[in-house]
Amino acid sequence: MATATAPRRARAPQRREVKEFTYLWEGFDRNNRNVRGEMKGASETVVTSNLRRQGIRIVKLRKQTFRGGRRVNEKDITFFTRQLATMLKAGVPLLQAFEIVARGHSNARFARLMMDIKGRVEAGSSLSQAFREHPAQFDSLYCNLVNAGETAGMLDGILERLATYKEKILAIKSKIKSALFYPISVVVVAIVVIWVIMIWVIPAFKQVFTSFGANLPAPTLIVMAISDFFVSYWWAIAAIVGGAIFGFFFMLRRSQTFRYAVDRISLKLPVIGAILEKATIARWTRTRVCRWSSRSTRSRARREMPSTSPARGRSRPKSAPERA
């Protein structure tokens, strides 16, 4: 029985995306003038050949890198939002604004973040979608408000409201930290003092009391027994305290139920609870104001949109209630 062999289909070659880098160059043009700039390319050879075609004699050429840097915090995002809103209001193009912010910031990690968002916008993504790719820096409220500003064509106004909102939230947080600094520092100092007394001071007095040969009262004996326990098992106490602190922050980050329990207990504390409650109410109120303003902006944009079909540009037929 003859078997027919099907011809193998030729596999289409897979296209590999060539990664481009940004190179900073300096040189002289055809008129022997000193010029400088930047150019994207896959390698130094590509950039050099492109510049030579333009008649530029290269003197310096280096790859633009953003290495190292500290963690991007909320203060950096707030300052960036205010900068972006100001530049967009002044008429600076969006991509150029990102480039200006990236170059002017001292944090290399923040500069990498800005260049990544700029690259996504250049590739055709919307600004809100580019922000959503970095949820650690831009939360859902931030992305939704930017999306509303893009829809309504009022991105600069929305960014200005966002900057004001985040600046006020940062002010509230700084006030909470300053209000809680004194009680927390008192507790920490008290713990350190007790630790020093139990490990170094009481053992010294114990030798003096023992040399007297007198019968000591029960409270003194209890304190001396506790001091002996601290001296003998200080390493176990330190390990237990360190493990408890690590477990607390680990569960606070991973478990939502544990966070709710900690929040309930925090709100019931005598002095700290009132401060946290007022700060939470203030933050919730400002968040609601931002959300309502974005909804009104989006509804205003929908009302101002022409009722035309996006496919053919013809007017859509009115519904029965509209005809009436």
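Mentor: This is a predicted model, and the sheet in it is an open one, made of three strands in the order 2-1-3 with antiparallel pairing. Strand 2 and strand 3 (57–63) stand at the edges with a single partner strand each, so one side of each has no neighbour in the sheet. From one strand to the next the twist averages 25°.

Strand 1 (residues 21–28) and strand 2 run antiparallel and are joined by eight bridges. Two of the pairings can be named. Glu26 stands opposite Arg36 in strand 2, and Gly27 has Val35 of strand 2 as its bridge partner. The hairpin of strand 1 and strand 2 has five residues between the strands, and in it Asn32 takes a positive phi near 65°.

Strand 2 (34–41) also leads out of the sheet, as the buried residues of helix 3 pack against it. Those residues, in helix 3 (residues 94–104), are Ala97, Phe98, Glu99, Val101 and Ala102. They pack against helix 2 (74–89), helix 4 (108–122) and helix 5 (127–132) as well.

Glu99 is the charged member to follow from here. Its relative accessible area is 17%, and with buried meaning under 20%, Glu99 counts as buried. The side chain of Glu99 meets that of Lys118 in a salt bridge, at 3.0 Å from N to O. This pair links distant parts of the chain, with Lys118 in helix 4 and Glu99 in helix 3, 19 residues apart. Lys118 is buried too, at a relative accessible area of 5%.

Helix 2 is next. Thr81 is located in helix 2, and Thr81 is buried, with a relative accessible area of 0%. Apart from neighbours within four places in sequence, Thr81 is in contact with Tyr142, Leu159, Leu162, Ala163 and Lys166.

Lys166 brings in a further salt bridge, formed with Glu74, where the closest N and O atoms are 3.9 Å apart. That pair links distant parts of the chain: Glu74 is in helix 2 and Lys166 in helix 7, 92 residues apart. Glu74 is partly exposed, at 26% relative accessible area, whereas Lys166 counts as buried at 8%. Glu74 and Lys166 are also linked with Lys173 in a network of salt bridges.

Phe205 is partly exposed, with a relative accessible area of 48%, and belongs to a nonpolar patch on the surface. The patch consists of Ile184, Val188, Val189, Val192, Val193, Val196, Ile197, Trp200, Val201 and Phe205, which together have about 880 Å² of accessible area.

Ser140 is in helix 6 (residues 140–152) and is partly exposed, at 46% relative accessible area. Ser140 and Ser128 are twelve residues apart in sequence, and their C-alpha atoms are 9.7 Å apart in space. Ser266 is in helix 10 (residues 256–267) and counts as buried at 18% relative accessibility. Not counting residues up to four places away in sequence, Ser266 touches Ile272, Gly273 and Leu276.

To set these parts in the whole, the protein chain has twelve helices and three strands. Of its 324 residues, 26% are buried. The accessible surface of the chain comes to about 23600 Å², with 59% of that belonging to carbon and sulfur atoms. Among contacts between residues at least 6 apart in sequence, 55% join residues at least 24 apart.

Technical notes
Residues numbered from 1 in each chain as written. Predicted model: local features only at pLDDT ≥ 70, side-chain atom pairs only at ≥ 80, totals over all residues. Heavy atoms only, no water. Patch = residues over 30% accessible without salt bridge, like charges linked within 9 Å, V, L, I, M, F, W, Y side chains within 5 Å. Areas by Shrake-Rupley, 256 points an atom, 1.4 Å probe, with all protein chains shown as cover. Salt bridge = Lys/Arg side-chain N within 4 Å of Asp/Glu carboxyl O. Buried < 20%, exposed > 50% of the residue type's maximum accessible area, 1.4 Å probe, protein only. Helix = DSSP H or I, 4+ residues; strand = E, 2+ residues; numbered from the N terminus. Contact = heavy atoms within 4.5 Å. Pairing = 2+ DSSP bridges. Axes fitted to C-alpha atoms, helices over the stretch in contact; angles between N-to-C directions.
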